[in-house]
Amino acid sequence: MATPVLDKVEAEAAASDHLITVTFRIRRFNPEVSADAVWEDFQLEIDPKERVLDGLHKIKWDIDGTLTFRRSCAHGICGSDAMRINGKNRLACKTLIKDINPAKPITVEPIKGLTVLKDLVVDMDPFFQAYRDVMPFLITKDTNEPTRERLQSAEDRERFDDTTKCILCAACTSSCPVFWNDGQYFGPAAIVNAHRFIFDSRDEAGEQRLEILNDRDGVWRCRTTFNCTDACPRGIEVTKAIQEVKRALITRRF
């Protein structure tokens, strides 16, 4: 029996049946052209099960090659495509078109609190400097190279498991109103990564990190608004981690 084959026209019609027309409203900024940002609309046909990142790709590849944004793995691991989508910090690669009311224009703009370099790209240097300042690596008093692995119980590992999930996307930090108003604040992401080592039983620099975060721009600037927890694409309980660091500063127990 012959296998039925769709001709090209039928195949294209079948493929387009499930497409919808979506308007992307993107905040554009090019310092070489103007000192002011402007909103620009793009209309495209797209499968509602595709991601916002796919829509941005279609715009850049097929409509306007000057559109600038960051992305790398496109699977929610690298954290490079954090942006404000319909007013909320999200990863473009993890946000489906159908989940954000495509009947209305989908607004896309850069994350807040960091200097915009072009379109959706921001200067991440202050963010990563705060990350480096909390010494996000294992520190031990024994400077000799270990001859075996440093053992840790499952219970001790569980103590900081949540904060190991951070992908440094800056969604939490750039959702924080304190950070918007004062870029000197360490921000939630830096505190989360300090937490990861402060509560690691193998690490011996917890006191140093606590003193760093005891600074006027450290954990005490947090106003517990939970914006950071809501924004985290990895589901980290960011506000809880910040409160645990505050408690450790008061009790010196960690």
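**Reading the model**

Mentor: F226 lies in the loop between α7 (206-213) and α8 (227-231). Helices (H or I, at least four residues) and strands (E, at least two) are DSSP runs, numbered from the N terminus. This is a predicted model, in which local features need pLDDT of at least 70 and side-chain atom pairs count only at pLDDT 80 or more, while totals for chains, interfaces and linings use all residues. Residues are numbered from 1 along each chain as its sequence is written, and side-chain values use heavy atoms, with hydrogens and water left out.

Trainee: Is F226 buried, partly exposed or exposed?

Mentor: Buried means under 20% relative accessible area, exposed over 50%, and partly exposed in between (1.4 Å probe, protein chains only). F226 has a relative accessible area of 44%, so it is partly exposed.

Trainee: Which C-alpha atom is separated from that of F226 by 5.9 Å?

Mentor: That of T239, 13 residues apart from F226 along the chain. T239 belongs to helix α9 (residues 238-251) and is buried, because its relative accessible area is 2%. Contact means heavy atoms within 4.5 Å. Leaving aside neighbours within four places in sequence, T239 is in contact with T224, F226, C228 and T229.

Trainee: What does the side chain of N193 reach?

Mentor: N193, in helix α6 (residues 188-198), counts as buried because its relative accessibility is 8%. Its side chain reaches the backbone oxygen of A189 at 2.8 Å. Not counting residues up to four places away in sequence, N193 touches Y131, C166 and L168.

Trainee: How is the chain divided into domains?

Mentor: Domain bounds come from an automatic or database domain assignment. Here the assignment gives domain 1 (13-122) and domain 2 (125-253), with C-alpha centres 30 Å apart. Twelve residues of domain 1 are in contact with 15 residues of domain 2.

Trainee: What area is buried between domain 1 and domain 2?

Mentor: Buried area is the accessible area (1.4 Å probe) that two parts lose on being put together, summed over both. Between domain 1 and domain 2 the value is about 1000 Å², 64% of it from carbon and sulfur atoms. N89, K112 and L114 supply 44% of the area that domain 1 buries against domain 2, more than any other three residues.

Trainee: How many salt bridges does the rule find across this interface?

Mentor: A salt bridge is a side-chain nitrogen of Lys or Arg within 4 Å of a carboxyl oxygen of Asp or Glu. Across the interface of domain 1 and domain 2 the rule finds zero. On the side of domain 1 that touches domain 2, strand β4 (residues 88-91) gives the largest share, three residues.

Trainee: How many helices and strands does the chain have?

Mentor: It has nine helices and seven strands. Of its 254 residues, 43% count as buried. Its C-alpha atoms fill a box of roughly 70 × 60 × 30 Å, taken along the principal axes.

Definitions and conventions
A polar contact is a pair of N or O atoms within 3.5 Å; within protein, one must be able to donate a hydrogen and the other to accept it, and residues adjacent in sequence count only if both atoms are side-chain atoms.
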